[in-house]
Amino acid sequence: MQLVTLEQFVSDRQQEIEGATGAFSKILRDLSLGAKLISFYLRRAALSNILGEIGITNIQGESVQKLDHLSNTLFRQLFAKNPHIAGFASEEDDTFTPLNPEGKYVILIDPLDGSSNIDVGVPVGTIFSIYRRQTPVGTPCTEADFLQGGRAQVAAGYVLYGTSTLLFYTTGKGVHGFTLEPAAGDFILSHPDVKMPEKVSYYSFNDNQFHEWHSALQDFISALHRENRQSAKPQSLRYVGSLVADFHRNLLKGGFFMYPGTVAKPEGKLRLLYEAYPMAWLIEEAGGAATNGIQAILDVRPTKLHQRTALFLGPKALLEKIAQTLQPHVSVAKI
Ligand code: AFP
């Protein structure tokens, strides 16, 4: 078997990002270094007194875990030293941080997604998204550089800290996955050009909110359950509660994920910029689809850094069916 490292793979494909000059390789190198360090911290977290909460609440209203803080600080420090990165925005921070005015790119990150799972050893992840800045090089970046919309991403990906540490990314030329070889300390190509199966083997959602969803969505899911009961090969429920882990399983095995809004809170829980855009691009590149129930996520216009959205991820045919079901109720549910 030929071993191809992430560094080699990216450097061979520099031209995938139009006009790239080695900057993208350096950004991915920082991302992968951050991922290796977080992977190391997570493995010995219970032994290093870095589990548990810090005692503060972040901009999302969520309690900050020690490892959230550590991961956020780590990425900020790595990116601050990278001359190609003009600014950094994180799900953990109130607002974006301008970094190097000479940088051409801005980066958005969810440093440790699913962090309520850390204390119990359940997989968590990092999600990232990179844009070419809009404002002139040589000036401090502005919020507009981060609010360009999902179709302006130049790279997006995630790291899954699971039984292995995996890094999957896209630059719009397919989705490629790498596995961390701990002895060598390198990410090695393990999943070239991933395509999502059409068949839905798993469905993933938190049905605790079933009765708060719009009735059209309740009816759709009840019908799915009925079909499953009659099927010789029913779909199985798998829900980790870490988006990266749920996404990754469904991408490789074939599945459907949703985190819809409720009638009272139609905007849902997940973040458009840090979670939905990167996952939407990845799944589209793998042959699937991502919507907010009705509209393609990548076409949803961003208005603020911490905007939330309903999120549906899965094979195109299924998401089209859901969109047809929800469309007549859009004015009621604002899903
Ligand atoms: P935490 O980072 O607070 O654990 O939230 C994880 C997450 O943003 C996403 O990764 C999950 O898909 C989703 O929330 C799970 O939310 P529920 O716990 O409400 O099901």
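Ala, Val, Leu, Ile, Met, Phe, Trp, Tyr, Cys and Pro are counted here as nonpolar, Asp, Glu, Lys and Arg as charged, and the others, Gly among them, as polar. On that basis the shell around the ligand holds 5 nonpolar, 6 polar and 4 charged residues. The model is predicted: local features need pLDDT of at least 70, side-chain atom pairs count only at pLDDT 80 or more, and totals for chains, interfaces and linings use all residues. Residues are numbered from 1 along each chain as its sequence is written, and side-chain values use heavy atoms, with hydrogens and water left out.

**Ligand surroundings**

- There are 15 residues around the ligand, and S116, N206, Y239, L243 and Y259 come nearest (a residue is near if one of its heavy atoms lies within 4 Å of the molecule).
- A side-chain N or O atom of S116 is 2.6 Å from an oxygen atom of the ligand (a polar contact is a pair of N or O atoms within 3.5 Å).
- L243 has a polar backbone atom 2.7 Å from a ligand oxygen atom.
- For K269, a polar side-chain atom lies 2.9 Å from an oxygen atom of the ligand.
- Of the 480 Å² of accessible area that the ligand has on its own, the protein covers 84% (Shrake-Rupley method, 1.4 Å probe).
- β13 (255–259) and β14 (270–271) are the elements that give two or more residues to the shell (strands are DSSP runs of E, at least two residues, and helices of H or I, at least four, numbered from the N terminus).

**Helix α5**

- In α5 (residues 243–253), 9 of the 11 residues are buried (under 20% relative accessible area, 1.4 Å probe, protein chains only).
- Among them are L243, D246, H248 and R249.
- G254 follows α5 and has a positive phi, near 95°.

Methods: Polar contact = N/O pair within 3.5 Å; in protein donor to acceptor, adjacent residues only side chain to side chain. Buried < 20%, exposed > 50% of the residue type's maximum accessible area, 1.4 Å probe, protein only.
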